[in-house]
Amino acid sequence: MTEMAAGKFIRVGFGTDLHRLVPGNGLRLGGISIPCAFSPVAVSDGDALIHALVDAVLGAAGLGDIGEHFPESAVSPGQDSRPMLAYAMRLAAEKGWSAANADCVVDLEAVKLGPWKTRIRESLAGILGLAVEQVNVKAKTAEGLGPIGESRAVAAQAVVLLVRGRGDE
Ligand code: MG
């Protein structure tokens, strides 16, 4: 238990992200293109869910944050964010970590995510090296209030649990 408390075998990480929305023709969430009347303002593809997960993985592994690994100067317009998460997982794997589960919340008023949740979970599970049931995605609206409620922003939060076995030391 002492070793467990020291974070030797399990680590939790937390990440958040937010992108401004403007009128457009769709957005990316979890690596899936979702048609809607808005698009994110972003240097990359503006995938807030992937970006939150990148920070969660980096955080759990003690590897800093997404801005340190992917400064804006190194990101091209519309760039697919999925390789960023794959990169974070590779860095974690180099330290012996693998993901045990991820739980995510997307704050979005502009489109109902219900029909898209399974595809988003499948997309994320593939990158995280997990089964679909180990990746949970929850969708929240803001009851018309504030930037989320007025569809001026999309936000996401994610927690990821990383684990490693005693044989990985
Ligand atoms: Mg972002």
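Begin at the magnesium ion, whose donors follow the spacing D-x1-H-x31-H along the chain. Donors are N, O and S atoms within 2.8 Å of the metal (3.2 Å for Na, K and Ca); water is not among the atoms, so sites may look incomplete. The model is predicted: local features need pLDDT of at least 70, side-chain atom pairs count only at pLDDT 80 or more, and totals for chains, interfaces and linings use all residues. Residues are numbered from 1 along each chain as its sequence is written, and side-chain values use heavy atoms, with hydrogens and water left out.

Select Asp17, His19 and His51 next. Their atoms OD, NE2 and ND1, respectively, are the protein donors, lying 2.1 to 2.2 Å from the magnesium ion.

The two histidines link distant parts of the chain, 32 residues apart: His19 belongs to strand β1 (residues 10–23) and His51 to helix α2 (residues 48–61). Helices (H or I, at least four residues) and strands (E, at least two) are DSSP runs, numbered from the N terminus.

Display the accessibility of this pair. His19 counts as buried because its relative accessibility is 12%, and His51 is buried at 7%; the term means under 20% relative accessible area, with exposed over 50% and partly exposed in between (1.4 Å probe, protein chains only).

Now move to strand β5 (residues 98–107), which runs antiparallel to strand β7 (residues 153–163) and is joined to it by nine bridges. Two strands pair if DSSP finds at least two bridges between them. Select Asn101 to find its bridge partner in β7, Leu161.

Finally, turn to strand β6 (residues 135–140), parallel to β5 and joined to it by six bridges. Here Val137 of β6 is the bridge partner of Cys104.
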